[in-house]
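Hi everyone, thanks for coming. Let me put the sequence and the model on the screen, and then we can walk through a few features together.

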Amino acid sequence: MPVPETGTVHTSNLAREVDVVKAQTQAQAREQAAQAKESVNSVKKVTAWIKNTLSQLPVLADKVEVISNPDILARYQKGAVAAFVDGKILLFAPNITSKEQAIRAVVHEGVVHYGLRSLFTDRQREHFLKLVYDSFKDSKAWASHIGKNEYYSSLDPLSQAEEFVARVA
């Protein structure tokens, strides 16, 4: 029986290793594609929840924008589900995992952040938030909603008060 040359054995082993790596890469690609499809379906589901919720809140419907673009999401606090920016309520669909969370985000941003600006003049809102700050800044509720959140803690006192109202609403 002839003995194969060393180069032939090495090439054969290398070919098998390449096949294994190729199979692993294809499996990873299939898994990533499945995750991407699941993510797209999740975003579609969240968008449907939000549209359903907004149909019950017509005053807010034209104030809400559902965001799923990763470039836009990257501009905001990691994991944030919503933001109130320039009079618009931005809902970050990829970060919303349940209908309840979607509704809570609409209430937080729409009823409090948008609502305060709709109900009060800037001066009245400032006065109201100063009263909230002065009344609750030393409370346990404040500590649990604002004190434990690094982002909220870094805000100015009136913004902290607005977030406090939004968190307890």
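So, which residues lie nearest the centre of the largest pocket? They are A82, H108, E109, Y152 and E163, out of 24 lining residues. A pocket here, on a 1 Å grid over the protein atoms alone, is an open set of points where a 1.4 Å probe fits, with protein on both sides within 12 Å along at least five of seven lines; lining residues have an atom within 4 Å of a point. About 670 Å³ of space lies in this pocket, counted as the space filled by probe spheres set on the points.

Two or more lining residues come from each of β2 (82–85), α4 (99–119), α7 (150–153) and α8. The largest share, seven residues, belongs to α4. Helices (H or I, at least four residues) and strands (E, at least two) are DSSP runs numbered from the N terminus. By class, the lining has 11 nonpolar, seven polar and six charged residues; Ala, Val, Leu, Ile, Met, Phe, Trp, Tyr, Cys and Pro count as nonpolar, Asp, Glu, Lys and Arg as charged, and the others, Gly among them, as polar.

A word on the source: this is a predicted model, where local features need pLDDT of at least 70, side-chain atom pairs count only at pLDDT 80 or more, and totals for chains, interfaces and linings use all residues. Residues are numbered from 1 along each chain as its sequence is written, and side-chain values use heavy atoms, with hydrogens and water left out.

Now to α8 (residues 157–168). Its axis and that of α5 (residues 122–136) come within 8 Å and cross at roughly 80 degrees, so the two are roughly perpendicular (65 to 115 degrees). Axes are lines fitted to C-alpha atoms, for helices over the stretch in contact, with angles from 0 to 180 degrees between N-to-C directions. The residues of this contact (heavy atoms within 4.5 Å) divide into 10 nonpolar, one polar and four charged.

How values were computed:
Parallel < 35°, antiparallel > 145°, perpendicular 65-115°, else oblique.
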